Amino acid sequence: MADVSTKEKAIQLSHGGGGKEMNKLIRDLFFAEFDNPILRSEEDAAKLELQGATAFTTDSFTVSPLFFAGGDIGKLAIAGTVNDLAMMGAEPQYLSCSVIIEEGFSLKDLTTIVRSMAKELKQSGARIVCGDTKVVPKGCADGLFINTSGVGRILRPNISAANVAPGDAIIVSRDIGCHGAAILMAREGLTLESTLQSDCATLWPVVEQLIAANIPLHAMRDATRGGLSAVLNEWAVAANVGITVNEASIPVCDEVKGLCELYGFEPMDLANEGTFILAVPNDIALGALEIMQRFGHCESAAIIGTVSDELPGKVILRTPWNTKRYLDLPQGELLPRIC
Amino acid sequence: MLELKQLYQGFRDPQTIASLAKDIAQVAHSLDQQINIMEVCGGHTHTIMKYGLLDLLPDNIEFIHGPGCPVCIMPKERIDQAAVLAQQEDVILVTLGDMIRVPGSQGSLASFRAKGCDIRPIYDPLDTLKIARDNPNKTVVFFAIGFETSTPMTAILLQLAEQEKLANLFFHINHVLVPPAIDAVMHDPNARVNAFIGPAHVSVISGAKIYRPAVEQYGTPVVVSGFEPVDVMESILRIVRQKAAGKAELDIQYSRAVSEQGNLAAQAKVEQFFQIRPQFRWRGLGPIPNSALQLRDEYAHRDAELRFKDRLPVKEIDDHKACQCGDILRGLAKPKDCKVFGRGCNPETPLGSCMVSSEGACNAYYRYQGIDSKEQHHG
């Protein structure tokens, strides 16, 4: 591992200038951490050997703060793109990595973030095979932006929001809302002390188990921005089905519940970065759950609802006292309540 | 160590809720009258809709959603004033949560923030102190909103600003009072309300006593209620029991924190810094005398309305003609009665303020619209 962790060194505009400084940064940091033959070939584009149907996705990552309990922007940038591939039943293979760095950004922080990316890649075995580095003048970016794109071989075709069908069960892979809650807590203005950690994680290992067990996966989606509410509403519309979820079955940890009580948020609206929802036929739901719990480290996974043809396009939440209401899409920026 | 869940867990117990619903139905069944309960506070509207409580109530109990949401009652001209303040050179405008989404006549504060104005939503009013300290060369204006519940926090902020001699901190005061709003609702010749649920957090500060005049003058039960589903259901039960016994009394359901007298120290702080404003125009309800507060004359040097008097627009601006927020706030219409509800007006692009705040009746209906309940569905 190259030693670039010199104290308080900062990124300068010359690091993005295409000259000596940029080459050194790329070699000493990015190549050293992401090392693989395709990346090292240093051609204008990476040459890939792809077989069969391939999934392709891209995502840009901006998060404030860059470091949060349970992760950082680097971990997020890898897990996010890898998870998008996994949700399509694709084995994550090759990623690109573009960074836009604000002049003056700490080299130590950049190193920490790149190492965090390298570590997260190990969870799926995907490799970064091409990349780009730009440095923009101070004030033109908020520290660091990362874009990752990824491709992966589709092992299980026909996973689609449109395939959610009446008679399906809805499963959530773990307790919801941890990432959104951890970020809110870390932001200035909402000062709270808690041991809460973001759920940020690579989901490929558990998806791989589900595929290996031949579970018929109708739809899968990681519940990122917009949370559980957004995924279920998108599915209800895409498949023109009604989805009913039981509030009492939705796993939410005490810290997230507490934050929501204090600020007037809904756990179902908070973002996740390592939590996914899946729709599978009702009769194999328990089997899928067992695989997730036993082999996929999803100890708190739960069956939370069912799909029917009633009220198509709508998501209904059943309260513990058996009343019903719509679970609507979250709207607007999340603002704490007034009193 | 006290955990947050201990504060609410028992108050969401399905069995307790079911048994309260049964008791309510039993007593209400014996009554030959319609009970129109106004939950004054938007927080209660939210509880009723979010927890689907309408599904559990008999047909002769109706909820009329009152004007107790500080965002919903803010007239456009006050928001325009906030926008003008935010546009001043070197001004930082600080306000609470949802306020930045409410449309004024020129747009919401969020739209002015997008144009580059320095507008900061905060959770704790005391965060304003840090903003003022950190920006000595800027003028910081706290756009203060809220009912009796939040006024003491503004009083403390003012007190600390005085103690620290923070010369750059100003206040635009929009604190309003619950009892005059109840009077305004009841003085309407079409008023149908015959019982009230009063917000517990207001009475934690002001005491239950503020509702005595309403009980005596209008002969309506007033139950001061907490915000959990068990609290609201128990308060409804207490109302129907009063009705069955032919009584109209002031009752404190939220006895775990509300007393007759309230928090005397907080009341003294409010008294120290504020005086009654002769008149305040409420969105939907119009001008109500003695219904709001303003800074005492001794603190006029911190009053943004005086400091920027020459620039602040004062022209009264009514809501869009199609918007029925006014009737909704007076309990004369339900959100679904409004022609633009869910069509021209939704939480993303609200026409009226009741759609903006999570405590607004329209917003609660839009989000949670009862299914198979007495309320008609939207969409």
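First stop: select A:R318 and A:K324. In β13 of chain A, A:K324 is the bridge partner of A:R318. Keep in mind as you look around that this is a predicted model.

Now widen the selection to the two strands. β12 of chain A covers residues 315-318, and with β13(A) it forms an antiparallel pair held over three bridges.

Colour the strands of chain A next.

**Zoom in on β7(A)**

Is this strand mostly covered or mostly open? Mostly covered: five of the five residues of β7(A) are buried. Show the side chains: A:D168, A:I170 and A:V172 point one way, while A:A169 and A:I171 point the other way.

Now look at the strands paired with β7(A). β10(A) runs antiparallel to β7(A), and five bridges join them. β11(A) also pairs with β7(A) in the antiparallel sense, over four bridges. Click on A:V172 to see both pairings: this residue stands opposite A:I277 in β10(A) and opposite A:A302 in β11(A).

**Two helices of chain A**

Select residues 227-239 of chain A. This is helix α7, with 13 residues, and it reaches 19 Å from its first C-alpha to its last, close to the 18 Å expected at 1.5 Å a residue. Its buried residues include A:L228, A:V231, A:L232 and A:W235. What covers the buried residues of α7(A)? The cover includes β7, α5 (178-186), β8, β9 (242-246), β10 and β12 of chain A.

Next, jump to residues 73-86 of chain A, which make up helix α3. Its 14 residues reach 20 Å from first C-alpha to last, close to the 20 Å expected. Because 14 of the 14 residues of α3(A) are buried, this helix is largely enclosed by the rest of the structure.

While you're here, highlight residues 43-154 of chain A. An unreviewed UniProt entry lists this span as "domain: PurM-like N-terminal". The span is 26% helix and 41% strand, and its end C-alpha atoms lie 27 Å apart.

**Over to chain B**

Select B:M38, which sits in strand β1 (residues 35-41) of chain B. Why does B:M38 count as buried? It has 28 other C-beta atoms within 10 Å, and 20 or more is enough to be called buried. Leaving aside neighbours within four places in sequence, its contacts are B:I64, B:G66, B:V185, B:V193, B:F196 and B:G331.

**Where the chains meet**

Last stop: show both chains together. The contact takes 38 residues from chain B and 23 residues from chain A. On the chain B side, the elements giving two or more residues are α1 (4-8), α2 (14-29), α3 (42-50), β6 (118-122), β7 (139-146) and α15 (361-368) of chain B. Colour that side by class and you get 19 nonpolar, nine polar and 10 charged residues.

Conventions: Residues are numbered from 1 along each chain as its sequence is written. Chains are lettered from A and ligands numbered from 1 in the order in which they are written. This is a predicted model: local features need pLDDT of at least 70, side-chain atom pairs count only at pLDDT 80 or more; totals for chains, interfaces and linings use all residues. UniProt positions are given in the numbering used here, feature names are shortened, and annotations may be inferred rather than shown by experiment. The expected span of a helix is 1.5 Å times one less than its number of residues. A residue is buried if 20 or more other C-beta atoms lie within 10 Å of its own, exposed if 12 or fewer, and partly exposed in between; C-beta atoms are placed from the backbone. Two strands pair if DSSP finds at least two bridges between them. Two residues are in contact if their C-beta atoms, placed from the backbone, lie within 7 Å. Ala, Val, Leu, Ile, Met, Phe, Trp, Tyr, Cys and Pro count as nonpolar, Asp, Glu, Lys and Arg as charged, and the others, Gly among them, as polar.
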